[in-house]
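Please check each point against the structure as you go.

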Amino acid sequence: MSSENLPQSPEQPTRKPRVAVVFGGRSSEHGISVVTAGAVLRAIDRTKYEVLPIGITRDGRWALTADEPERMAINDRRTPAVEDLTDSGDGAVVLPVDPANREVVYSEPGSVPKALGEVDVVFPMLHGPYGEDGTLQGLLELSGVPYVGSGVLASAVGQDKEYMKRVFTSFGLRVGPYLVIRPREWERDEAGARRRIAEFAGEHGWPLFVKPARAGSSIGITKVESFEGLDEAMAEARQHDPKIIVEAAVRGREIECGVLEFEEGPRASLPAEIPPPDAHAYYDFEAKYIDSTPGIVPAPLTGEQTAEVQRLAVAAFEAASCEGLVRADFFLAEDGEFVINEINTMPGFTPISMYPQMWQASGVGYAELVDRLIQAALNRSTGLR
C-alpha cells in the first residue's frame, strides 16, 4: 500500500507554550519578587501562553500557588509572601533534573505525585541570592529548560558587587572607590578591618555607604556620616550577607538605563534620572517600593550624554556576558563623566518600576516587553552558547 493510501491520523491541536513564572525565594527580597511576579502574571497574554505560577517559600520549598495577581501587591505598606498564596500544605513542586523530561510534578507526602505538564520556558522573577545569583539558572541548565534572563556566570557576577566592579574595571568602565570586608577578615581581625575603613574614609571622605555585597533592592544599606555610625551599619549589612562592600559617595546625579536583547543584539533604552527623595537620606528600599519615589523619564540629559550612557549600558551588558535584560545604574559625576554603580540582571519589573518605564518611553510597552523576553528565551538553547 502506498503512503498516499495509508489512513491519516487526525491533526493534534497545537499546544500553547507553557510558561512557569517562578517567584518568592529565600532572599530578603522575597516580597518584592512576589510583587514583581504579580505584575508579570497580569501582563502575560493568556491567548498565547499557558501559565504555571510557582512560588518558592522563604524556607526554600517550591509551591504551587494561586494564579491571582491581585493578591500579589503591596498592601498597607507590607509586601506579600508566597505562603499567603498557597493552600498546598506540605506539598511541593518538583522540576526533574533531566533534559529529556520537562514535566513538572506536584508531590504530597503519602500521595501519588501528580503531573502538572511540561514547561517550555521559565520566567524567574527572583531577586537576590538563591534566585538571581546563578543558582536557579544552574538548576535550569541541568534540567534543560530555557529561561528568561542571564545565564549562570552573568547572574553570579551581577549579584556580587565586588566581582561586578572587577569585571567592569577590566573592560575599562569607570567605577567609584570601594573597599571589601570579607567574612574571615571581620571575624579574625575586626580591629584591623575598622582601621582599613577609617583609612578609606580619610582618603575619600564621609559619608560612606555600607552594603551587603550580594543583596539588592537597597536592603541592608546604611549611609554612614561618621565613624560612630559604623558599628550599627556593619551589623545591619551582616544580617543579609557576611561579605560587606564599603563605597565612597559619588557626588552627582543618579542615572539609570535599560538594556534589552533584540534579534540584532542588545539595545539601550532612553535613560531615567532618580532625583534625591525628599523624605529619605538616599534612594533606599522605602523610597523605591513603599513611597514609590518617581523617576524622571527620559532623563534631562544632552544628546551627547544620552548617547554616552546608552553606550556604557550596552558595554556593561556585554562585559558581564548578560542575556535578555539588564538595568544599568550610573552616576553622572560632577566632572561630567559617567561612573557605573551596578547592573541588575533581573531588575524591578512592576509597571511603575524604572526598567519598564524606560522602555515604555522608548516605544516598548509592558505587555510587549514581557512577550519579547519570553520569545527570546524560547528561541535560546540551554548549555554552552
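1. The backbone oxygen of Leu64 lies 3.2 Å from a polar side-chain atom of Thr86, a polar contact in the sense of N or O atoms within 3.5 Å, where within protein one must be able to donate a hydrogen and the other to accept it, and where residues adjacent in sequence count only if both atoms are side-chain atoms. Thr86 sits in the loop between strand 3 (62-64) and strand 4 (92-94), and with a relative accessible area of 13% it is buried (under 20%, with exposed being over 50% and partly exposed in between, for a 1.4 Å probe and protein chains only). Apart from residues up to four places away in sequence, Thr86 touches Ala63, Leu64 and Thr65, contact being heavy atoms within 4.5 Å.

2. On the basis of these values: this is a predicted model, in which local features need pLDDT of at least 70 and side-chain atom pairs count only at pLDDT 80 or more, while totals for chains, interfaces and linings use all residues. Residues are numbered from 1 along each chain as its sequence is written, and side-chain values use heavy atoms, with hydrogens and water left out.

3. Turning to the whole chain, the secondary structure comprises 11 helices and 16 strands, taken as DSSP runs numbered from the N terminus (helices H or I of at least four residues, strands E of at least two). The radius of gyration is 22 Å, close to the 21 Å that the globule rule gives for 385 residues, so the protein chain is as compact as a globular protein of that length; the radius is taken over C-alpha atoms, and the rule is 2.2 Å times the number of residues to the power 0.38. Of the 385 residues, 54% count as buried, and among contacts with a separation of 6 or more, 66% are between residues 24 or more positions apart.

4. In helix 4 (residues 161-170), the buried residues are Lys161, Glu162, Met164, Lys165, Val167 and Phe168. They pack against several elements, including helix 3 (152-159), strand 8 (178-181), helix 9 (303-319) and strand 16 (338-344). At the start of helix 4, a side-chain oxygen of Asp160 comes within 3.0 Å of the backbone nitrogen of Glu162, and just after the helix Gly172 takes a positive phi of about 85 degrees.

5. Cys257, in strand 12 (residues 252-262), is buried, with a relative accessible area of 0%. Beyond its neighbours within four places in sequence, Cys257 is in contact with a set of residues that includes Ala268, Pro271, Val309, Ala313, Val326 and Met358. The C-alpha atoms of Cys257 and Trp359 are separated by 9.3 Å, although these residues are 102 apart along the chain.

6. Some backbone geometry deserves a second look. Most residues other than glycine have a negative phi, and most peptide bonds are trans. Here the bond from Trp206 to Pro207 is cis, with omega near 0 degrees, and a cis bond also joins Val297 and Pro298, with omega about -5 degrees. Pro207 lies in the loop between helix 6 (190-204) and strand 9, whereas Pro298 is in the loop between helix 8 (285-290) and helix 9.

7. Which residues other than glycine have a positive phi? Tyr130 has phi near 65 degrees and lies in the loop between strand 7 (121-125) and helix 2 (135-143), where it is partly exposed at 42% relative accessibility. Ser321 has phi near 60 degrees, is found in the loop between helix 9 and strand 15 (325-333), and is partly exposed, with a relative accessible area of 45%.
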